[in-house]
Amino acid sequence: MGRDLKFVVIDSEENSRNIIKNYLAEIDTKFAEPECFVEFFDFESGTDYVLKTPECIVFIDISESPKNSLDTIKKIKESSKSAIIIALSGKTSTDVIIKAMRAGAREFISKPIIKTEFINTISALLEDIKDSSGKDNSCKIISTFSNKGGIGKTSIAVNLAVELAQLSKENVALIDLNLQLGDVTTFLDLAPSFSLNYIAENIDNLDETELLKILPKYKNTSLHVIADPLNIEESTDITAEKLKKLLNTLKKSFSYIVIDIGTNVDTKNRCALDMSDLILLVSVVNLPAIRSTQRCMEMFEKIGYPKDKVKLVLNRYLDNDDIKISDIEEAVNQKVYWKIPNNYLTMMSAINKGVPVNEINTESNISQNYMEFATKVSDYLITKNLNKNYNL
Ligand SMILES: Nc1ncnc2c1ncn2[C@@H]1O[C@H](COP(=O)(O)OP(=O)(O)OP(=O)(O)O)[C@@H](O)[C@H]1O
Ligand SMILES: [Mg+2]
């Protein structure tokens, strides 16, 4: 954001527009001058203006006509990557805030507007965007982990990443951290020219446009894949330090980073686990797997991860399994967060064709389940962020 930054208010209440103008003037008098401050009482003319204006912070009142206002936020976000949207509403339930965030709002300010809240939010936002060219730093890292092989980590990472991209329409990165045995590219039938070691090595020299260009995209989605090294020997080039730097840089360009982590806890995997906002600890319903999961959970507790960072996911779940959910929860000392049904045919067909399950059959139980899973994960992460920012 540079000198041409505009503050655009789209709000039918004149009083509310004036309050925003006055509070902006308190941050900096030039923010309320006509070359910087523009106001509209209707969505249509406000949107037209925003879409023609390269750099703007847009305040949109969503209390009066929620559907129309959320559609406006979506339209602006889809057409203008640089616009930063702040939703305003007299209704402050978590549901309202989540809907605004999901539509594309970056911040939420409650009405009637409280001066200190407004000034703090806008000042922090301006500070935040000063060095990051307007990038939202609310990227979330989700990893799939288990210390057992063949349990479904890759299937979950791939299908969840595709669903998150389709749900959010925002940039999602899927990283294969199985450095010698990765199969994310097989699951999505991609043949990338550049893999993790090249990206990690060159991250300082790649701007966002170049980065997005060289990372293969899954069909016409916003999912970009960072594959495991093409040659096994190159896997040792990737250190935990390089991975940390890579993830921190990727956070500026992606809304979600999904990492398919290997089964062991070496320094690289530990770095990815540490940096994750959410670890999906995958298990299946059989005794050896549950024992391993129990050990993993104990390890995460010893490391000191907060309880809400690790969620237990049961894969290949059958309703009539011998072992009861309550027994698993007792053994692992954790509630089951999500269950993915066993559907061998759809899963195998998806892997063999190199597509996500939703392309085999959208109506299948597993496709529906992954759609709901992505919504739950994204709602959870948005709420977690809101709790931090808005003390809900
Ligand atoms: N929900 C499911 N229903 C039926 N089969 C499944 C399901 N999820 C995964 N599978 C099957 O389980 C097998 C292992 O899955 P996947 O490769 O995702 O596991 P993984 O934990 O990543 O394995 P690895 O440790 O080898 O990387 C695959 O053949 C896949 O088809
Ligand atoms: Mg795997």
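Reply: A residue counts as exposed when its relative accessible area is over 50%. Under 20% it is buried, and in between it is partly exposed. Note that this is a predicted model.

Start with Asp189. Its relative accessible area is 59%, so Asp189 is exposed. Asp189 lies in the loop between helix 7 (184–187) and helix 8 (196–202). Its backbone deserves a look too. The phi of Asp189 is near 50 degrees, which is positive, and Asp189 is not a glycine. Most residues other than glycine have a negative phi.

Find Lys169 in the loop that runs between helix 6 (153–168) and strand 7 (172–176). Lys169 counts as exposed because its relative accessibility is 53%.

Now turn to Pro112. Its loop runs between strand 5 and helix 5 (115–130). The bond to look at joins Lys111 and Pro112: this peptide bond is cis, with omega about -5 degrees. Most peptide bonds are trans.

Next, step back into the strand. Ser110 is part of strand 5, which covers residues 107–110. Buried or exposed: which is Ser110? Its relative accessibility is 17%, so Ser110 counts as buried. What does Ser110 touch, leaving out residues up to four places away in sequence? The neighbours are Ser89, Thr92 and Glu117. With Glu117 there is also a polar contact, side chain to side chain, at 3.3 Å.

Glu55 sits in another loop, the one between helix 2 (43–52) and strand 3 (56–61). Its relative accessible area is 22%, so Glu55 is partly exposed. The cut-off for buried is under 20%. Pair Glu55 with Ser80 when you view the model. The two are 25 residues apart in sequence, while their C-alpha atoms are 9.1 Å apart in space.

For contrast, consider a helix. Helix 11 covers residues 267–275, and its buried residues are Lys268, Asn269, Cys271, Ala272, Leu273 and Met275.

Finally, the setting. The protein chain has 15 helices and twelve strands. Of its 392 residues, 54% count as buried. Its C-alpha trace spans about 65 × 45 × 40 Å along the principal axes.

Contacts tell you how the chain is joined up. Take those between residues at least 6 apart in sequence: 75% of them join residues at least 24 apart.

The surface comes last. The accessible surface of the protein chain is about 18200 Å², and carbon and sulfur atoms account for 49% of that. As for charge, the chain has 47 positive and 56 negative charges, and their mean positions are 2 Å apart.

Technical notes
Residues are numbered from 1 along each chain as its sequence is written. Chains are lettered from A and ligands numbered from 1 in the order in which they are written. This is a predicted model: local features need pLDDT of at least 70, side-chain atom pairs count only at pLDDT 80 or more; totals for chains, interfaces and linings use all residues. Side-chain values use heavy atoms; hydrogens and water are left out. Helices (H or I, at least four residues) and strands (E, at least two) are DSSP runs, numbered from the N terminus. Buried means under 20% relative accessible area, exposed over 50%, partly exposed in between (1.4 Å probe, protein chains only). Contact means heavy atoms within 4.5 Å. Accessible areas come from the Shrake-Rupley method with a 1.4 Å probe; for residues, only the protein chains shown count as cover. Lys and Arg count as positive and Asp and Glu as negative; His and the chain ends are not counted. The place of a charge is taken as NZ of Lys, CZ of Arg, CG of Asp or CD of Glu. A polar contact is a pair of N or O atoms within 3.5 Å; within protein, one must be able to donate a hydrogen and the other to accept it, and residues adjacent in sequence count only if both atoms are side-chain atoms.
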